[in-house]
Amino acid sequence: MTQFRRIAFALGVAAAGFSAFATAADVTGAGSSFVYPVLSKWSATFAEKTGNHVNYQSIGSGGGIAQIKAGTVDFGASDKPLDAQELGKFGLGQFPSVIGGIVPAYNIDGVESGKLVLDGDALAGIFLGKITNWNDAAIAKLNPGLKLPDAKITVVHRSDGSGTSFNFTNYLSKVSADWKAKVGEGTAVEWPTGIGGKGNEGVSAYVKQIKNSIGYVEYAYALKNNIGYALMTNAAGKTIKPGNAAFQAAAATADWAHAADFNLIMTNAPGAEAWPITATTWVIMYKQPKNAANSKVVFDFFKWSLEHGQAQALELDYVPLPEALVKQIEAYWQTQFKH
Amino acid sequence: MSANVYRRRYAKNVVAQALASAAALLALMFLAWILWVTVSRGVQAIGVSLFTKITAYADQGGLANAIIGSLIIDAMAIALCAPVGVLAGAYLAEYARGTRMGETIRFLNDILLSAPSIVLGLFVYVIVVLPMTAATNGSITFSALAGSIALALIGLPVIVRTTDEMLQLVPSTLREAALSLGIPQWKLTVQVLMRAAGSGILTGVLLALARLAGETAPLLFTAFGNNYTALSPLAKMASLPAAIYQYTNDPNPAMHAIAWAGALLITLFVLALSLIARAVFARQKTSHE
Amino acid sequence: MKEGTPHSGGVPGFFTGLSMPIATHVADPGNDRSRIDARNDALFRGILRVCALLVLAALLGAALSTLWGGREVLFGDGWHFLASSQWNPVENRYGAWAPIYGTLVTSLIAIVIAVPLSFGIALCLTEVAPLWLRTPVATAIELLAAIPSIIYGMWGLFVFVPFMAAHVDPMLDSTLGRLPFVGALFRGPPLGLGLLTAGIVLAIMIVPFISSVMREVFQTVPARLKESAYALGSTTWEVVWDIVLPYTRQAVIGGIFLGLGRALGETMAVTFVLGNAYDLSASLLMPGTSISSSIANEFNEAVGLHRSALIALGFLLFVVTFVVLLIARRMLRSLKRKEGNA
């Protein structure tokens, strides 16, 4: 028995030693995979400057929300905002972090990247399985002068639940009543047609391999991996090429000022130059944190990132938040969060 | 007539041996194919920076923290599941043969084999991570230890299954001989039977290691991951499979190359271990004989 | 011959007596050594028992936690959850039939391919190949088990799916696909992905598990058994089929279960090549989904009832495995009985 006690004591001492070792100024965040590259990059630079480690892991937005509620992490990150009721219930606040775009990606013989033009109706029709052929009149009328093949369309969607799918289906729900009624929006939906690829890499690999297919991926992914992407006609009726300017235009023209807790989804933004499928990721934190010291580090990190991390974000094909929005976020921190 | 029978038997034998060799060749071909794809896609990332840089995207990321993390987590996982698995297998083979209890455990073990790894990770999240978070008021949450417990649950049934089978195949004459010398049962089991079945048991442990070393899903909610280097078993820790998972979804093709290189590392790591283990085992065996 | 071959499963009754403390054999109550031995034996037995019970606890714990996590769907929707093939996260309506179907079909394909292949490999490595070649080849094949499953997935996605699309699928469609009845299994557009592709990738993954167990146990067959058969003029094939296989049958089946277990629960490799569509199609060339890939795909983003449905799927995988193993054991038992009568 005494021996047992001695062992238990030794274990206790060891555990205490380890825990002291483990808690050396590390803060933890979890959630959306969309922001993983840029948060990791920011974190590395922030660590060089301050010595504080911000450890962010992409376990998915749903996972991020669940973990912040369970109190296992210092901040969560989600591609889908929480509504006021849920924020209030758990004492949470949220703010956007960085902007990116989602593009329709295609593989059609003889049609180069950036040549195909689609609008919301046509895109919804294709993904509903109503437009089944590339030479359908609905596509042809948007593309006068482009020779589209008489070939069956293969639709590729994300098989994993993702913020990319959420923003894509949110956009289709906004522009097509038919889509809204039959499918709706979500990180995962019941797709009326097509095959599912896991992750950006799954969708882009299928689109590359299967002739006459169409899918959707993050803009950065399409750009870096030479996947053909389409132009879109936006809410103002203008045909837009995806790119940083078009994403920033969407963020700038979205009505943030009237969105409580930044609960606003940027798809189908009204601006003349706005890319219609633009997305952001929200950072979610406790207004009265359990661990105030860690929370302070998180605020320092995002303050530094939003004010000084723009160049690094652009390097990774993300678009930094417009300055006015950053000001608004900092005001939100002052009024809503206890530092 | 009898010559005919002989010829038929001979032909059957030749065909069977040819098909068997073809089967082995086919498996080797797939191995070469997969390894070739892994090497050719990862080769541009293989270099010093893979081992010196961490996953936090300092310049172009590396895998240093993930390699260290995987070594620690996998070692702890094997340390947890190998003894328990071997002893449980020995119980099934030596003490519970033909008993209802033995049959039940054997059956449940087979079910555990196919439990989706993410479910086991979730189970460990509930029984280790959440209580730990509550007990330490949030200062310890996810931990490498929790990750290795989840991985141990994945390796455990493989070891139990193989140990059980291998011990059962030790000829009964060995037991009879030992018992007639008055050797106690525990000594018989540990020093005679386990030694006789050692190569098979080792195979089981290596298969378990091979299986758990590549798992990602159970680590997300247990070891969590870390962009920085951590050494404490109670810290959040990076791992190679999780790093591969992160890098493959990255828009940058250079990151995909790192992912392939990481996969190659895991494969080589398990290969090296099984070669070493086999060599050690072979030497031990010859020195005892 | 058969009567003379000890079946590893049905070991003579003598050994069941082993569970008695050995000290009773060494009948000397005053002897310290035997008392210590008896105590050590009891202790040893206790430790082993605890370890075995840990396996039991792990399985029950994991299964019960999925039952608890999926209770809303399992007890709320009941039979609808099992029978429906609709999976609609937006309206929170969930049916598990498509994933169950996909899991069973892909695992069946994997076993049908992997078992003969593994047997061939084990035969080759124990009887056919030259001695110096056996260990290296065996190690190489075991290496297939060491490749992380995400790599099987990526290799499948980038290399094997296009290969299937370009060569295998059109070939099957134009040959086997033309046959009546069976043809329906092999008809479809050459997408490359789907149930068949997933089954083949699974087969490659489980071959090292089954073949290394087979090889190990084939080596344990006492040399005198094989030698006497050879002396009687048996061919290598006859020795393996009539002597080695019956002697090791129980363990061989154990190895197959090892592979089957892995196939039923395998996630990443399947997810990348299965096509992930909640469809029920007769053709093996069409996309499908499986229990574990559904969980892996959607778990990270799922909340509320959706998450509950995915955990309930996890519980169903335990149930499916239970049923599959039960059927397999029944079949084995009836096989044994037939042999006993013969």
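Me: How many helices and strands make up the secondary structure of chain C?
Reply: Helices (H or I, at least four residues) and strands (E, at least two) are DSSP runs, numbered from the N terminus; in this predicted model, chain C comes to 12 helices and two strands, and along the sequence these follow the pattern α-α-α-β-β-α-α-α-α-α-α-α-α-α. Local features here need pLDDT of at least 70, side-chain atom pairs count only at pLDDT 80 or more, and totals for chains, interfaces and linings use all residues. Residues are numbered from 1 along each chain as its sequence is written.

Me: What is the strand order of the open sheet in chain A?
Reply: Strands of a sheet pair through backbone hydrogen bonds, either parallel or antiparallel. Two strands count as paired if DSSP finds at least two bridges between them, and the three strands of this open sheet have the order β5-β10-β11 (chain A), with mixed pairing. Its edge strands, each pairing on one side only, are β5 (117-118) and β11 (239-240) of chain A. β5(A) pairs with strand β10 (residues 231-233) of chain A in the parallel sense over two bridges, and A:Leu118 has A:Met232 as its bridge partner in β10(A).

Me: How much area do chain A and chain B bury between them?
Reply: The size of an interface is often given as the accessible area lost when the parts come together. Taking that loss with a 1.4 Å probe and summing over both parts, chain A and chain B bury about 3,000 Å², 58% of it on carbon and sulfur atoms. A:Tyr36, A:Gln57 and A:Thr72 supply 16% of the area that chain A buries against chain B, more than any other three residues.

Note on methods: Chains lettered and ligands numbered in written order. Heavy atoms only, no water. Buried area = accessible area lost by both parts, 1.4 Å probe.
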